[in-house]
Amino acid sequence: MALFDFTVEGTSGHARAAAFETAHGTAKTPMFMPVGTHATVKGVTTDQLADLGAQVVLANTYHLSMRPGADLIAEAGGLHSFMQWDGPILTDSGGFQIFSLADTRKLDDDGVWFQSIYDGSKIRWTPESNMEIQQKLGADIVMQLDQCAPYPATREFVEGAVDLSARWAARCLAAHTKADQALFGIVQGGMHLDLRLQSVERLLEAGRASVEAGHKDFQGFGIGGYSVGEEHDVMFETLGQVARALPDAKPRYLMGVGNPTTLVRAVREGVDMFDCVLPTRTARMGTAFSSTGRMNMRNAKYTRDFGPLDDACTCPVCAKYSRAYIRHLVKSSEMLGGMLLSVHNLHHLLDLMRRAREAVLAGAYEEFYEEWMASPAANDY
């Protein structure tokens, strides 16, 4: 495969199994990508991630540009060398972080001013400077700078975010020059299907114009602006049509979504890639995903339960540690509790997507979906 080739290897309904070639290896979809905001997945080493079968790890442009800084990471040889991860890395643009801090940012057509959460300094980003930062970080996949609309928001506000994101997408394409780095556009549009489809068309137009001008096209597309406060069923009113409006020959990445059942449902709609802090964040709160639904390990019923965390799980935590021990760690605020639960929760999602891929390749995704939805594992909220 050539760099950035995306090959659909099988379909089952709208669900897809594909391979995406990057400078640091081939990623197989559907897949979940662990989030390493500060160039680390909290409480989990890169060796553990590899052993769990993680393919792509995320890092956050906003946070890393502030601390330790893109120049220092470039001096270290880029993110792969800095964090000692040999596989593919994706950096988000940091746009979500900027636009979630509405009280400390000022937006205009050219870019955005915002205040650092670390030292209060005023910082200016444009699509061009954002591309420069992400190229210094050196990830395999980078995201355009966009405006993520909150929920709820007026239609007028969402229309403005779609327009600005589309214009910034074109500028990101023109500014991005790193040949071994894939650039993804981001679909916005809130919960309005017509604005979502308009956003898709604007991105496709930007890509065509970029190629005509001698620049690169988008190698894939993020679907942003979901899971920002709305009920998940509201997202699914439009997600499938939006995903399938994107090109068949490029990856579709639903940004910031990590509930197991949401992943199963979204794969059925044609989504290929997912990321979320949920498995590690909930782990640090003492919560585990399982084949019987979400488990609160603070619950007293686990005090003398010496069985594995999940009888159906093959992760290294379930092979070795009891529910009673993990509850003890969580109740004692021992960091190992969150670390073990992080490993387990990540395995749960990574293995779920592995099994989803097998079901697609077997032409049996609908059966896989129905079995999951009828199981207690679907009670993951």
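Guide: Below we take some helix pairs, salt bridges and backbone features in turn.

Guide: This is a predicted model, in which local features need pLDDT of at least 70, side-chain atom pairs count only at pLDDT 80 or more, and totals for chains, interfaces and linings use all residues. Residues are numbered from 1 along each chain as its sequence is written, and side-chain values use heavy atoms, with hydrogens and water left out.

Visitor: Why are α6 and α7 called oblique to each other?

Guide: Helices here are DSSP runs of H or I with at least four residues, strands are runs of E with at least two, and both are numbered from the N terminus. Helix α6 covers residues 127-137 and helix α7 covers residues 155-175; their axes come within 8 Å and cross at roughly 45 degrees. An axis is a line fitted to C-alpha atoms, for helices over the stretch in contact, and the angle runs from 0 to 180 degrees between N-to-C directions. Under 35 degrees counts as roughly parallel, over 145 as roughly antiparallel, 65 to 115 as roughly perpendicular, and the rest as oblique. The crossing of α6 and α7 is roughly 45 degrees, and the pair is therefore oblique.

Visitor: Which residues of α6 and α7 make the contact?

Guide: With contact meaning heavy atoms within 4.5 Å, α6 gives P127, E128, M131 and Q135, while α7 gives W168, R171, C172 and A175. By class, these are five nonpolar, one polar and two charged residues. (Ala, Val, Leu, Ile, Met, Phe, Trp, Tyr, Cys and Pro count as nonpolar, Asp, Glu, Lys and Arg as charged, and the others, Gly among them, as polar.)

Visitor: What makes α15 oblique to α16?

Guide: Those two helices pack at an angle of about 140 degrees, with their axes 7 Å apart. That angle makes α15 oblique to α16. On the α15 side the contact is made by H348, L352, R355, A356, A359 and V360, and on the α16 side by Y365, F368 and W372. Seven of these contact residues are nonpolar, one is polar and one is charged.

Visitor: How do you know that K136 forms a salt bridge with D71?

Guide: A salt bridge is a side-chain nitrogen of Lys or Arg within 4 Å of a carboxyl oxygen of Asp or Glu. For K136 and D71 the closest N and O atoms are 2.7 Å apart, so the pair meets that definition. K136 sits in helix α6 and D71 in helix α3, 65 residues apart. The structure holds 25 salt bridges.

Visitor: How do you know that the peptide bond joining T29 and P30 is cis?

Guide: Its omega is about 0 degrees. P30 is found in the loop between β3 and β4. The peptide bond from Y151 to P152 is also cis, with omega near 0 degrees, and P152 is in the loop between β10 and α7.

Visitor: Why are the phi values of S227 and S333 worth a remark?

Guide: Most residues other than glycine have a negative phi, and most peptide bonds are trans. S227 is not a glycine, yet has a positive phi of about 55 degrees. S227 lies in the loop between β12 and α9 and, at 30%, counts as partly exposed. S333 also has a positive phi of about 55 degrees without being a glycine. The loop between α14 and α15 holds S333, which is exposed at 63%.

Note on methods: Buried means under 20% relative accessible area, exposed over 50%, partly exposed in between (1.4 Å probe, protein chains only).
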